[in-house]
There are 4 protein chains.
Amino acid sequence: MTSARDPEGRRRALLEATVEVVAEVGVARTTHRAIAARAGVPLGATTYYFPTLNDLIAAALDQAGTTWDADLKRWESELRAAQKSVGELAGVLTQLILEYLADQPRARLECELYLAAGHTPELRPLAMRWLLGLRAVLSRLSDPGTGYALATLVDGVFLQAAVTGEAPPADGLQNAIERLFN
Amino acid sequence: MTSARDPEGRRRALLEATVEVVAEVGVARTTHRAIAARAGVPLGATTYYFPTLNDLIAAALDQAGTTWDADLKRWESELRAAQKSVGELAGVLTQLILEYLADQPRARLECELYLAAGHTPELRPLAMRWLLGLRAVLSRLSDPGTGYALATLVDGVFLQAAVTGEAPPADGLQNAIERLFN
Amino acid sequence: MTSARDPEGRRRALLEATVEVVAEVGVARTTHRAIAARAGVPLGATTYYFPTLNDLIAAALDQAGTTWDADLKRWESELRAAQKSVGELAGVLTQLILEYLADQPRARLECELYLAAGHTPELRPLAMRWLLGLRAVLSRLSDPGTGYALATLVDGVFLQAAVTGEAPPADGLQNAIERLFN
Amino acid sequence: MTSARDPEGRRRALLEATVEVVAEVGVARTTHRAIAARAGVPLGATTYYFPTLNDLIAAALDQAGTTWDADLKRWESELRAAQKSVGELAGVLTQLILEYLADQPRARLECELYLAAGHTPELRPLAMRWLLGLRAVLSRLSDPGTGYALATLVDGVFLQAAVTGEAPPADGLQNAIERLFN
DNA sequence: AATGAATGAGTGTTCATTCAT
DNA sequence: CATGAATGAACACTCATTCAT
């Protein structure tokens, strides 16, 4: 339980808890009560720091977007270091994807966000940020066409992971990535 | 408003309405009331024809799965007819995807199902049917590795369409498909 | 399943089923569906033969009252045959009570009726018939004061049986009856 | 309408209202809405203070049981003070019963509880507490056999009062009690 | 005559949100 | 400032009753 004397800590705790709850049960089943319990804060804190539940969820997804941006930065630098051969590049990208999916809830989060954006217009810019961010990184490593293809493949991998709950086949994935790089 | 004396029509209307509502607001926000209003039937008809809301949703998704199977059959025959050149094959597949996505709600449905399957175990087999059905068709046209790659790309396209609400770039998509076919 | 061509049989089946259901779940939880299922008749038959559910329940309790009257007649004759000694009289009455309570549902029925009469004025005459019928029989065997005392004791035995689900202690009961007879 | 800022008052009001409603319409017909209306509290208050309707009813009956225990204590001391003659003892007990039955709803409550216990196992211990409590008090004043007989008679009196809505005949009752005491 | 399909009022319960403290 | 008590709208679901067939 974070202290009431640490507003920033509370906000952070709420956002983290919200991300976790959303990843677990989906945006639509996310409740104030679940978030408060998860964050270890009083129920009233949820509406004290964020006017409405949607605001809280949007803020949490926005924060997750920032984390994603940071992840992408790391992806970019790791990929850049492997740019000499297509094979190595594909291997590194495959590895990054697998690592990312190892954190199941986080992986499901992207899909939740994407779909929620379909019903909730104000989430759309946020979802576009994820989508275009990945595409941009991959485009910079190759070209826009390849970047689009790769980013789309990665989104497909994420979606499938949400259903199956399993990691994608490393070799099959790497092979597909290699083909798209050419 | 369907007639109260046309049970088959009612069932059909309910299933169709459910598919639409699910596509619009997501499985978790789908309510008896929304379905009844959309189908133009009284509230009581929903539980009269389907014991519980989950049953109704499952039946609707199952029916959508059957439609999807039929679509896949058509896809397979059209793709087979274009099998002589990779370029043509990619063109036809691109076209089929674009046509499919033209029916926005139906396109979003797949993603909704995939995500809902993540929280709702009983939907998982249904989701797997979609996922594996597409992969099987595309595998038969080429080989398992290519089938996996193509199906994953297509799922990515569907997911992105759910977010952006726009059709994917035809040329970019066809180009990506061609690369995966080689 | 009784035949639709045998209206009297249907009525009887419905009444019997109703008595059973009421005894099992109580008047308030008795439904058309439960009665129809128990009687093996179509749902529509319930409202076809009895305008409302309350009518059906009242008719069933009335019929049970007739059975009760017959039971009382038998009680009276058996008791009369034992009238020479108080000990024998008490022994026979105890035996009759125990036999009656052996059919648990029927035993609970009386209490259900008594209580339902508390909320439902139109059941009151029916309940009074049970109450006064027993009192009359026992009065004729002795005198009004003793009849009142004995009938009250018997009602207490029935009520306690409804709670405990167990038969009353035979010796304790017989002893109490003997005291009241003097 | 009790104040929203008086939790104890609200709980008490809810419990009292529940006892009244149960006494009036029976356990099975007792609804959140009826209780809320009777207590003069908003609907949400019912589930706010008691998680489920059954919890509320059980709590109300439990509280009534506590009141009953207190009543029994008082009965015992008043009866003890009259222990020198059987006639006086019977007179006091009769008086106590009549006083108790003067509060009709409370009197009916016992029967409702008894019957509900027949269908609802978790109410059984509560019902047994009433039943055995009375028997214990009357046993201590005489002997177990007499206690059983008297308690059974009293239960019969309560049950009959629930039907007739009238007080039992004082003289007849006193006479019956006297006979059981010997 | 007899039925079961159909309906909507009413149920218990959840929870976003408000606001007194 | 922070909280949790409080509320009522909305939910899934049941079922007495109606009525076309």
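Is H8(C) mostly covered or mostly exposed? In this predicted model, H8(C) is mostly covered, with 17 of its 21 residues buried. You can find this helix at residues 144–164 of chain C. From its first C-alpha to its last, H8(C) reaches 30 Å, close to the 30 Å expected at 1.5 Å a residue.

Now look at where chain C meets chain D. Chain C brings 35 residues to the contact, and chain D brings 36 residues. On the chain C side, at least two residues each come from helix H6 (104–119), helix H7 (124–141), H8 and helix H9 (170–181). Here we meet H8(C) again, as it gives the largest share of that side, 13 residues. By type, the chain C residues that touch chain D are 19 nonpolar, 10 polar and six charged.

Let us turn to chain A and a pair of helices there. Helix H4 of chain A covers residues 53–80, and helix H5 of chain A covers residues 86–102. Their axes lie 9 Å apart, and the two pack at an angle of about 155 degrees. An angle over 145 degrees counts as roughly antiparallel, and therefore H4(A) and H5(A) are roughly antiparallel to each other. The crossing of H4(A) past H5(A) is right-handed.

Technical notes. Residues numbered from 1 in each chain as written. Chains lettered and ligands numbered in written order. Predicted model: local features only at pLDDT ≥ 70, side-chain atom pairs only at ≥ 80, totals over all residues. Helix = DSSP H or I, 4+ residues; strand = E, 2+ residues; numbered from the N terminus. Expected span 1.5 Å × (residues − 1). Buried ≥ 20, exposed ≤ 12 C-beta atoms within 10 Å, placed from the backbone. Contact = placed C-beta atoms within 7 Å. Nonpolar A, V, L, I, M, F, W, Y, C, P; charged D, E, K, R; others polar. Axes fitted to C-alpha atoms, helices over the stretch in contact; angles between N-to-C directions. Parallel < 35°, antiparallel > 145°, perpendicular 65-115°, else oblique. Left-handed = near helix turned anticlockwise from the far one by under 90°.
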